[in-house]
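Please open the model in your viewer and keep a selection panel at hand. The tour below moves from one selection to the next and says what is there at each stop.

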Amino acid sequence: MSKFKFPSAYTILMLLTVFMALLTWMIPAGQYQMELNETLGKLVPVVGSYQTVEANPQGIIDILMAPIQGFYDPSDYVARAVDVALFVLVIGGFLAVVTETGAIDAGIAGTMKRLAGREKWMIPILMGLFALGGTVYGMAEETIPFYALLIPVMIAAGYDSIVGVAIIMVGAGIGCLGSTINPFATVIASNAAEISFMEGFALRAVILILGWLLCVFYVMRYAERVKQDPSRSIVAHQHDDNLNHFLHGKQKTTPELTNTRKAVLAIFALTFVVMMWGVSVAGWWMAELSALFIGSSILVGFVGRLSEVEITDSFVNGARDLLGVALIIAIARGLVVVMDNGNITHTILNYAEGLLGGLNEIAFINAIYWVEAVLCLVVPSSSGLAVLSMPVLAPLADFAGVSRELVVTAFQSASGLPNLVTPTSGVVMGGLAIGRVAYSSWLRFIGPLIGILTVMIMLLLSVGVVLS
């Protein structure tokens, strides 16, 4: 009897797309009346305005079109995930050009030499930096370049690829979960709930700090176990293959860290600094970031004394390596398109609205948390979910005797937590694909942590109700 093998990310997402398409045949189609929110500059649903509309069940053609529509809307050519997918390809090319110079291999070797015996302290420091990005501006897609950079460092330090993925995904994730001033989650949700985004700040800060401590302890404990006994790694069966893939088979013959390679690494680091500045201050997004990394690729090639052929070939080959990640992002976005086209997204929200009536304060706030956790599987974008759900769910808090800032906190905690694991998130599936971590392996790793964080959040939300 052949052993069952968990399906790939592509298959999981396509099966979920088929499942959502089937739901459009079973769940009544409906829509809320939408009105323009002047503060948000977006259309938001009007409370109590839900009504059924003509069904638009999704068939086989719609399922096959879903990955295409995940890239862009074929009817009006509006971009959906094509900008993020293109950014991923450019990142692959950029990293390959830097790798071609030998700078990354030399830099990793130099870092490991300086950190000998202290490698584990990279974990809390880096997770703290990613958490800071998550809590301040909702760092998500911007984490993608860091996987190919950080995972080789973790493997060279004696850990595994899951540790590298966890530092980034869990680090940024706990920051988003404990968003304090994140404009794409906390601010939008607060505006939609018609309160100041500073209301509830203290509780969110407590969630952020306690959550970060729990996550750091969890990841460090797993990393130490793997370092002491590599056979205990969840991806132990990929050990040799990952060494060859991430360390390029050069772990025994490391290039010398010459002045030229130091200059390349300086450009490499500066590119990421400019990226962070561009996103947080200058209003850049995927198009500008892609241009930044293309320019840096050319500059690295010249400084690294690569020939024109070496620059172009390495860039193209690097983009090819991340083509699968770009496809995963589009397929994940296409799944959401199927639900929207089938007019069931608002129906699911209306069901949630009906479930919340008549609950006491503590039951209500915890129910809000679970409702948002389910909804974020349907709407993986935190800003999109805030605009969709807050105008409907926040007013219900007034009837339940719960302050609206607790509803905002429940929303952001819920939207942050499942995005560590939800298969509808292109960031999650893309990060796992870069790290060569099967979704089933990630579930084994992240499952207990999800449970711990869920209990923590529900307890803190309940305490928030009592103290408010």
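Helices, as the word is used here, are DSSP runs of H or I with at least four residues, strands are runs of E with at least two, and both are numbered from the N terminus. With that naming, select Arg436 first, which sits in the loop between α19 (426-434) and α20 (439-467). The model is a predicted one, and in it phi of Arg436 is near 55 degrees, a positive value in a residue that is not glycine. Most residues other than glycine have a negative phi. Arg436 has a relative accessible area of 26% and is therefore partly exposed, since that class runs between the buried limit of 20% and the exposed limit of 50%.

Next, select Tyr77, in the loop between α2 (60-71) and α3. Here too phi is positive in a residue other than glycine, with a value near 65 degrees. The relative accessible area of Tyr77 is 64%, so this residue counts as exposed.

Stay in this part of the sequence and show the side chains of Asp73 and Arg80, which meet in a salt bridge with an N to O distance of 3.4 Å. How buried or exposed are the two partners? Asp73 counts as buried because its relative accessibility is 14%, whereas Arg80, at 24%, counts as partly exposed.

Now zoom out to the whole chain before going on to the other charged groups. The protein has 20 helices and 4 strands. Its radius of gyration is 23 Å, close to the 23 Å that the globule rule gives for 468 residues, so the protein is as compact as a globular protein of that length. Along the principal axes, the C-alpha trace spans about 70 × 60 × 50 Å, and buried residues make up 55% of the 468 residues.

Begin with Asp398 and Arg404, whose side chains meet in a salt bridge at 2.6 Å, N to O. Then turn to Glu194, which forms a salt bridge with Arg404, the closest N and O atoms being 3.7 Å apart. This pair links distant parts of the chain, 210 residues apart, with Glu194 in the loop between α8 (183-192) and α9 (201-228) and Arg404 in helix α18 (residues 404-416). Across the protein, the count of salt bridges comes to 4, among them the bridge between Asp73 and Arg80.

Finally, select Glu100, Glu308, Glu310 and Asp313, which form a negative surface patch. Which helix gives the most residues to this patch? Helix α13 (residues 308-321) does, with 3 residues. Glu100 is found in helix α3 (residues 82-100), and its relative accessibility of 40% is why Glu100 counts as partly exposed. That value also meets one of the requirements for a place in a patch, because patch residues must have over 30% relative accessible area and no salt bridge, with like charges joined within 9 Å.

Technical notes:
Residues numbered from 1 in each chain as written. Predicted model: local features only at pLDDT ≥ 70, side-chain atom pairs only at ≥ 80, totals over all residues. Heavy atoms only, no water. Patch = residues over 30% accessible without salt bridge, like charges linked within 9 Å, V, L, I, M, F, W, Y side chains within 5 Å. Areas by Shrake-Rupley, 256 points an atom, 1.4 Å probe, with all protein chains shown as cover. Lys, Arg positive; Asp, Glu negative; His and termini not counted. Charge placed at Lys NZ, Arg CZ, Asp CG, Glu CD. Buried < 20%, exposed > 50% of the residue type's maximum accessible area, 1.4 Å probe, protein only. Rg over C-alpha atoms; globule rule 2.2 N^0.38 Å.
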